[in-house]
Amino acid sequence: MPELPDVEEYRRFFARHAAGRSVRRVVVPDATIVRNATPRALDRALRGRTFEEPDRHGKWLVAWTDGPALLLHFGMTGDLVWSAIEPERHRHDRVILELDGGDELRYRNMRKLGGAWLAHDPDEAVAAMGSLGPDALAVKRREFHERLSRRRGQAKAVLMDQRFMAGLGNLLVDELLWQTRIHPRRRVETLDDTERDRLYETMRWILRRWVAGYGRVPRRGEWLIAVRDAGGPCPRCGGPLARITAAGRTTWLCPTCQPDPAP
Ligand SMILES: [Zn+2]
């Protein structure tokens, strides 16, 4: 499932191939993937327009043209494909942007979670994305602390909530809590200032490292993600990992490094 660093990689991919180029035509083989417009309206709105440098907010890609914007959410299985790399269209290519010169940038999404939206102005873009918190890679320390101090509930659920902060998903939150030695069910209102600051610092460190690796998961060193699929052992203490359900999601933790708040 795409996390913030993956979508940042898609943003760069989109910028590399489509920024500065104009839209010759938009083909939408499956009308249901465009959530707030008809394929015809999307084509009419984007045709002849030139893409600018795209933005990202959390897990959303916001591709402005010199007119309206195309918004993409990648759901579970979303991806971007460039025709020079993969010439043949695929049956899971849901939105096909035919650009000047004949190249195509394609939004592929097998399971069709997420989708595409059309926005004519920033207000429409905000409406399409829903009430999102600040981007997890861009949020300033002070805002992070202010927002966290207003929240109650289990750490995993709060950090996964896109209204608190946009961009953190299941893998990133497990990594963050393991790195900071906080149990996923620990209530955020019980965190002291040192723990809150460590959360912020570590979140930024993880995201920067992950983004710098172009979305590839770090496999070496002390990362939970490196051993998660194998189910352990803990890269820090060598003990067995535990799998629980928190915030409705499969959650990995080290019971030694992340003590249970209510044993
Ligand atoms: Zn451990």
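Q: Which are the buried residues of α6, and what makes a residue buried?
A: The buried residues of α6 are N170, L172, V173, D174, E175, L176, L177, W178 and Q179. The word buried is used for a relative accessible area under 20%, while exposed means over 50% and partly exposed lies in between, with a 1.4 Å probe and protein chains only. The coordinates come from a predicted model, in which local features need pLDDT of at least 70 and side-chain atom pairs count only at pLDDT 80 or more, whereas totals for chains, interfaces and linings use all residues. Residues are numbered from 1 along each chain as its sequence is written, and side-chain values use heavy atoms, with hydrogens and water left out.

Q: Why is α6 called largely enclosed by the rest of the structure?
A: Nine of the ten residues of α6 are buried, and therefore α6 is described as largely enclosed by the rest of the structure. What covers its buried residues includes α1, α5 (155-160), α7, α8 (225-228) and β10 (249-253). Just after α6, R181 takes a positive phi of about 60 degrees.

Q: Why is E8 called buried?
A: E8 belongs to helix α1, and its relative accessible area is 7%, which is under the 20% limit, so E8 counts as buried. When its neighbours within four places in sequence are left aside, E8 is in contact (heavy atoms within 4.5 Å) with R56 and V211.

Q: Why is H17 also placed among the buried residues?
A: H17 is likewise found in helix α1, and its relative accessible area of 14% is again under 20%, so the word buried applies to H17. Residues up to four places away in sequence are not counted when H17 is said to touch W82 and L99.

Q: What makes β1 and β5 the edge strands of their sheet?
A: The open sheet has four strands in the order β1-β6-β7-β5, with antiparallel pairing. Its edge strands are β1 (23-27) and β5 (78-82), each of which pairs on one side only. The twist from one strand to the next averages 15 degrees. Angles run from 0 to 180 degrees between N-to-C directions, and axes are lines fitted to C-alpha atoms, for helices over the stretch in contact. Helix α1 (residues 4-18) lies across β5, β6 and β7 (104-109), and runs at about 25 degrees to β5.

Q: What makes β2 and β8 edge strands?
A: Another open sheet of four strands has the order β2-β3-β4-β8, with antiparallel pairing. Here β2 (55-57) and β8 (115-119) are the edge strands, each pairing on one side only. Neighbouring strands of this sheet are turned by 25 degrees against each other on average, with direction ignored. Helix α2 packs on this sheet, touching β4 (69-73) and β8, and its direction makes about 55 degrees with that of β8.

Q: Why is β8 called largely enclosed by the rest of the structure?
A: Five of the five residues of β8 are buried, and so the strand is largely enclosed by the rest of the structure. G115, W117 and A119 point one way from β8, while A116 and L118 point the other way, and all are buried. Five bridges join β4 to β8, which run antiparallel, and H73 stands opposite G115 in β8.

Note on methods. Pairing = 2+ DSSP bridges. Helix = DSSP H or I, 4+ residues; strand = E, 2+ residues; numbered from the N terminus.
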